[in-house]
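Please walk me through this model in plain terms, with attention to the metal site and its surroundings.

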Amino acid sequence: MGHILNRDLYVPSIDAWIDPSVPRPRAVITHGHADHARSGHGAVLATPKTIEIMKVRYGVDCADTFQGLDFGEKLTINDAVVSLYPAGHILGSAQVLIEAQGQRAVVTGDYKRLPDRTAEAFEPVACDLMVTEATFGLPVFQHPKPQSEIARLLKSVQDQPERCHLVGSYALGKAQRVIALLRDAGWDKPIYLHGAMIRLCELYEQLGVPLGNLIPATGTTKAEMAGQIVIAPPSAIRDKWSRRFPDPVVCQASGWMSVKQRARQALVELPLIISDHCDWGELNQSIHDSGASTIWVTHGREDALVYWCKKQGLEAEPLALPGLDDDGGEGGE
Ligand SMILES: [Zn+2]
Ligand SMILES: [Zn+2]
């Protein structure tokens, strides 16, 4: 018997694609990052929060129609049942479960298992076929606790009160997580935002994620920014925009900051290893928890994870999906 899902993540029984890279008549969207959610589809099925995120980023008419599906709710289409489960990656992010012909297939989208109060907690979903991402699919990737990374940031702020700390963070997901981690570590001063962050931070708050006092970084004087923390897109922290701040400490929050060469190349003075993807151990654990006998690996370092799966006696193969880049600009965090 064939699989209920094709290798391009087309689901024949419901005539829809999951996270298609080009406009399609019907699309199931795992989450709002640009390498998964695009504008121009006909009908979009996603969690209500992902739909809100898409509308803020791409406009209210970025698809012809939207259908929201809550976590755990079952939607029957033709002979198949579609449901969504939390992926723990960013707010609203979902794994997609397709049940058809007595088989269960899960597409994880991007996911992580570490607790994060800005995203619904990951839930393992039992299945026969698991399509897993592998952004950090190498044994060298063992992410530290994000709280210890935030503690290093706050120590640096304390030690250098005359400087401003600029934290490069992608605007969707990472920025809000860094802010929440700072709040939970006791940082109750205002946090300053680059303009690109403001609408998405407002949306997170509307959707029930409190972020504390946030202030636009524009219009502030150099003197008042000493000892402050600014969140900005990675592209902004080294360009002309950053010169308005007093002797800025360039920081970046990303899973890739564990690769020292990357941090150096990006001229990051204080790298913060804060990842919204599974590390190697979390990937292994998730594959184990799913009980799946067939694993398709995509979106990153496929080969090592495919090899690991085969050693566990599982069927495994890499999927080469178009449009999913390995460090994903904004998605590969
Ligand atoms: Zn991605
Ligand atoms: Zn993502």
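The chain of this predicted model averages a pLDDT (the predictor's confidence in each residue, from 0 to 100) of 95, and 96% of the residues score at least 70. Residues 325-332 fall below 50, yet this stretch has 22 contacts (heavy atoms within 4.5 Å) in the model beyond near neighbours in sequence. Because the model is predicted, local features need pLDDT of at least 70 and side-chain atom pairs count only at pLDDT 80 or more, while totals for chains, interfaces and linings use all residues. Residues are numbered from 1 along each chain as its sequence is written, chains are lettered from A and ligands numbered from 1 in the order in which they are written, and side-chain values use heavy atoms, with hydrogens and water left out.

Donors are N, O and S atoms within 2.8 Å of the metal (3.2 Å for Na, K and Ca); water is not among the atoms, so sites may look incomplete. Asp110 also coordinates the zinc ion (ligand 2), which is 3.6 Å from the zinc ion (ligand 1). His36, in the loop between β3 (26-28) and β4 (41-46), and Asp110, in the loop between β9 (103-107) and β10, are 74 residues apart. Both His36 and Asp110 are buried, meaning under 20% relative accessible area (1.4 Å probe, protein chains only).

His143 is also buried, at 13%. Its side chain makes a polar contact with that of Ser275 (3.1 Å); such a contact is a pair of N or O atoms within 3.5 Å, and within protein one must be able to donate a hydrogen and the other to accept it, with residues adjacent in sequence counting only if both atoms are side-chain atoms.

Conventions: Buried means under 20% relative accessible area, exposed over 50%, partly exposed in between (1.4 Å probe, protein chains only). Helices (H or I, at least four residues) and strands (E, at least two) are DSSP runs, numbered from the N terminus.
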